[in-house]
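Please look over the following notes with the model open beside them. They are set out as numbered points.

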Amino acid sequence: MLCVVYWLGLVGYKEAYHLQRKLLRQRFDGEIKDTILLLEHLPTITIGKSGKLENVLVSQAQLAEEGISLFFTDRGGDVTYHGPGQLVAYPIIDLRQRGRDIHQYVHDLEEVVIRTLSSFSIGADRDDSHAGVWVKGEEIAAIGLSIKRWITMHGIALNVNPKLEHFSFINPCGFSNRRATSISKLLSQNVPMEEVMHRLIVHFSDVFNVHIEWDSGILVGSCP
Amino acid sequence: MAAYITIPKLGQVTTEATLVEWKAKEGDWVEKGSVVLKIETEKIEWDIEAEASGFLHILVEEDSKAPVGRVVGLIAETKEELETLKKEPPRQIFTTVGEAEKMPAEVSGAEPKPREHIRISPVARKTAEEHMIDITKIVGTGPGGRIVMEDIEKALATKEKAEVPSEVYQGKRVKASIPLKGMRRVIAEHMHRSLAESAQVTTMGEIDMTELINLRKGLLAREDVIGTRITYTDIFVFIVAKVLKEKPMVNSSLLGNEIKIWEDINIGVAVALEEGLIVPVIKNADQKSIVEISKSVRTLTEKARKGKLLPDDVTGGTFTITNLGAAGAGWRFETAIINQPEVAILGTGGIADRAVVRDGQIVIRPIMTYSLTYDHRVIDGALAVQFMTRVIELLETPGLVLP
């Protein structure tokens, strides 16, 4: 099966959201193949369907000062932070062709991240009670999804080298006692985003058993 | 001691109300005096204000009905009290209305401080999510800086028209999705039920308004003496009340297997509002002078526009008049829908000059259209025409009202 990957660069949360919605519709109608959007977001805190504003620990004034946007969004999960230095992957996948197994899908996403980290000699694990990827109790990748008519959207946020102080503004995923970490922090060196991105896609191709095609022809913000 | 949020008795006939919307979530901090719950009874939406500040504990959910006197929510003074309340098994508390008024004075000692966190009402949150509104940029104008629906609406209105791919349903793009709630829902159900349950026929025609216009001019000239500005609606109410007295079958209701002919003649006058429409009622219109009718109509219309009508103002009607001409003059007819459980409704159109034939000559007269919808289960065509003929007679020759 074919999967098309786009690197969008730095984009706003809202713009990426609308693009996902458009692609989801097209994927549902069979107009496009399985697609993955890779990108980085401007500093943004998002609150999922089961998220509580109480897990945003600062005032609007402080958010404005730091230039952090705040959105309520339609993915599952609680509160999370996105920002430059964090690799965001939004697979728009048709689960009708994958046995309609949501549990398996989440498991596979985690597997992709775990293998990618392993290739950097970082040993990461799952938490069976909560989607995401952890290294020694600290969260290195958040996973939050929305599945509409068996097409997936939202996805993974993997911390390569984001501003970790921004994570202190929230209780990540609703946990008041768990912290966030990143590849750069764990390795004590800066790892280029491109490198992480390519390895992630290689492992995605393995785990999901797809043939990857990189494409550059997509515009964020242009809609029918 | 938690403060009560109770269903008040808003009118003589009020026995229950529907909870339309909680303006705060379970556990949220609410400020004394802020609107905490919207209820709806007899098509009136009523705001209930919090009688004390504290943490909200909801006992009855939105979209349910509750009888007058039922305690539908509690306001806990402290978080600990809130937790205690949440753990208690669900219970039904009733108060005799009026009891719940007296609330204990402010808590002695330190009052629980509202958190520094961002706060938002559930409706505002839902809408913000739908439209992907950046909350950092929103100024909250609710109590304590809370973000409320109005703030989100303002942001939506001022945001640039960024192209947004719309939701598509059955091949059509959605511009907006509005939940059917409150007044809109009541109107929808009422109108549909009226048509489904009765046999509505509409008879339409024209009325020569020459004499009536002269009469009204005369009345307007004497406004300071009369004490009020008489409108055509006032005159319609006055005259229809007289004719209903002569033809009582038109002032009745079919209830079960019985036609109840009403002693009281209570005429409703439809008022168009932004959110829909409402029909305040002039009670005992047959016993009122034109001046009294005029004052009643003016007061009720004002109250309707300000959202201050009470259930007693909109219940007990036996006949309704609706002014179709208010939306713009013109030669227009309409099959108005009967306001249940009445058996007829009179719709009056705009007044416009038309060419008519009088004594073999074509002349110009001010003509008003009318549409009378009646329930054929109770009223046959002959009676409807007799009723209308008499109304037209009095309108075209107002002097006949004198005897």
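**Notes on the predicted model**

1. In helix α5 of chain A, the buried residues are Val196(A), Met197(A), Leu200(A), Ile201(A), Phe204(A) and Phe208(A). Buried means that 20 or more other C-beta atoms lie within 10 Å of the residue's own, with exposed at 12 or fewer, partly exposed in between, and C-beta atoms placed from the backbone. Helices (H or I, at least four residues) and strands (E, at least two) are DSSP runs numbered from the N terminus. An α-helix has 3.6 residues a turn, so residues three or four places apart point the same way.

2. This is a predicted model, in which local features need pLDDT of at least 70 and side-chain atom pairs count only at pLDDT 80 or more, while totals for chains, interfaces and linings use all residues. Residues are numbered from 1 along each chain as its sequence is written, and chains are lettered from A and ligands numbered from 1 in the order in which they are written.

3. Helix α5(A) spans residues 193–208 and reaches 22 Å from its first C-alpha to its last, close to the 22 Å expected at 1.5 Å a residue; the expected span is 1.5 Å times one less than the number of residues. Among the elements covering its buried residues are β1 (2–11), α3 (102–118) and β11 (211–215) of chain A. Just after the helix, Asn209(A) has a positive phi of about 60°.

4. At the interface, 16 residues of chain B are in contact with 22 residues of chain A, contact being C-beta atoms, placed from the backbone, within 7 Å. Helix α2 (residues 122–130) of chain B gives the most to its side, with 3 residues.

5. Chain B has 10 helices and 20 strands, and 34% of its 403 residues count as buried.

Note on methods. Contact = placed C-beta atoms within 7 Å.
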